[in-house]
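Let's take a walk through a protein together, one residue at a time. Have a look at the picture, and then we will begin with a simple question.

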Amino acid sequence: MPAYVHINLRITDPARQAALAPRFQAALHAAGGRILHFGPVVEVLEGDITPLPIAGLFEFPSVAAAQAFYQSADYAPIKAERALAQEARMFIVEG
């Protein structure tokens with residue numbers, strides 16, 4: 001069953017983010033993931049909490065594959081740099 005990684009973020013360092021994006025995409029694809037959406041939040045439909053301005057949705061073949069990507073040695077340095085380039089919330093849901 002597919003799994004989806006949702007990310008909601010605010011870019012805090014545009015130059016670092018631009019340099020990081022191709023590496024993130026390569027690691028994501030190498031782990032069997034694909035980008036379904038990455039772009040601005042268009043409209044809040046419900047809720048009291050304002051989302052961060054950008055949202056992403058990445059698909060993996062399974063929850064295990066999504067977890068393996070997040071915990072992988074390939075992603076570890078990217079994850080550390082992401083913390084310097086963006087404020088983010090990220091979570092996995094099962095499809």
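In which strand does Gln86 lie? Gln86 belongs to strand β4, which spans residues 86–94. Keep in mind, as you look, that this is a predicted model.

Is Gln86 buried or exposed? Its relative accessible area is 9%, so Gln86 counts as buried, because the cut-off for buried is under 20%. The side chain of Gln86 has a partner there: a polar contact of 2.5 Å joins it to the side chain of Gln17. If we set aside the neighbours within four places in sequence, Gln86 is in contact with Ile7, Leu9, Arg10, Ile11, Thr12 and Gln17.

Now step along to Glu87, which is also found in strand β4. With a relative accessible area of 37%, Glu87 is partly exposed. Which side chain does the side chain of Glu87 meet in a polar contact? That partner is the side chain of Arg10, at 2.8 Å. Not counting residues up to four places away in sequence, Glu87 touches Asn8, Leu9, Arg10, Thr12 and Leu52.

Asn8 has its place in strand β1, and its relative accessible area of 12% makes Asn8 buried. What does the side chain of Asn8 reach? It reaches the backbone nitrogen of Leu52, at 2.8 Å. Beyond residues up to four places away in sequence, Asn8 touches Val41, Pro51, Leu52, Ile54, Ala55, Glu87, Ala88 and Arg89.

In α2, the buried residues are Ala65, Ala66 and Phe69. Seen down the helix axis, the buried residues of α2 fall within an arc of 100°, so they line one face of the helix. On the other side of α2, Ala64 and Gln71 are exposed. What do the buried residues of α2 pack against? They pack against β1 (3–11), α1, β3 (54–60) and β4.

Helix α3 can be read in a similar way. Its buried residues are Ile78, Arg82 and Ala85. They cover an arc of only 65° around the axis, which puts them on the same side of α3. Ala83 and Leu84, on the other side of α3, are exposed. The elements that cover the buried residues of α3 include β1, α1 and β4.

What about the nonpolar side chains? In soluble globular proteins, nonpolar side chains tend to be buried together. In this model, the largest nonpolar core has 17 residues, and the members that touch the most others are Phe24, Leu28, Phe58, Phe60, Phe69 and Ile78. Which elements give two or more residues to this core? They are β1, α1, β3, α2 and α3.

Let's zoom in on Phe69, one of those members. At 5% relative accessibility, Phe69 counts as buried. Leaving out its neighbours within four places in sequence, Phe69 is in contact with Phe24, Ala27, Leu28, Ala31, Phe60 and Tyr75.

Our last stop is the aromatic rings. A pair of aromatic rings is described by the distance of the centres and the angle of the planes. How many aromatic pairs are there in this model? The count comes to 6. One of them is the edge-to-face pair of Phe24 and Tyr75, with 6.0 Å from centre to centre and 65° between the planes. This pair links distant parts of the chain, 51 residues apart: Phe24 is in helix α1 (residues 14–30), while Tyr75 is in the loop between α2 (63–71) and α3 (76–85). Both Phe24 and Tyr75 are buried, and the relative accessibility of Tyr75 is 0%. Tyr75 also pairs with Phe69, and this pair is tilted, with 4.5 Å between the centres and 35° between the planes.

Taken together, Phe24, Phe58, Phe60, Phe69, Tyr70 and Tyr75 form one aromatic cluster. One ring of the cluster, that of Tyr70, has a charge over it: the charged end of Lys79 sits there, 3.9 Å from the ring centre.

How values were computed. Residues are numbered from 1 along each chain as its sequence is written. This is a predicted model: local features need pLDDT of at least 70, side-chain atom pairs count only at pLDDT 80 or more; totals for chains, interfaces and linings use all residues. Side-chain values use heavy atoms; hydrogens and water are left out. Rings of Phe, Tyr and Trp (its six-membered ring) pair if their centres lie within 6.5 Å; planes under 30 degrees apart count as stacked, over 60 as edge-to-face and the rest as tilted. Helices (H or I, at least four residues) and strands (E, at least two) are DSSP runs, numbered from the N terminus. Buried means under 20% relative accessible area, exposed over 50%, partly exposed in between (1.4 Å probe, protein chains only). A charge sits over a ring if NZ of Lys or CZ of Arg is within 6 Å of the ring centre and within 35 degrees of the ring normal. A polar contact is a pair of N or O atoms within 3.5 Å; within protein, one must be able to donate a hydrogen and the other to accept it, and residues adjacent in sequence count only if both atoms are side-chain atoms. Contact means heavy atoms within 4.5 Å. The arc is that of the directions from the helix axis to the C-beta atoms. A nonpolar core is a set of buried Ala, Val, Leu, Ile, Met, Phe, Trp, Tyr and Cys residues joined through side-chain atoms within 4.5 Å.
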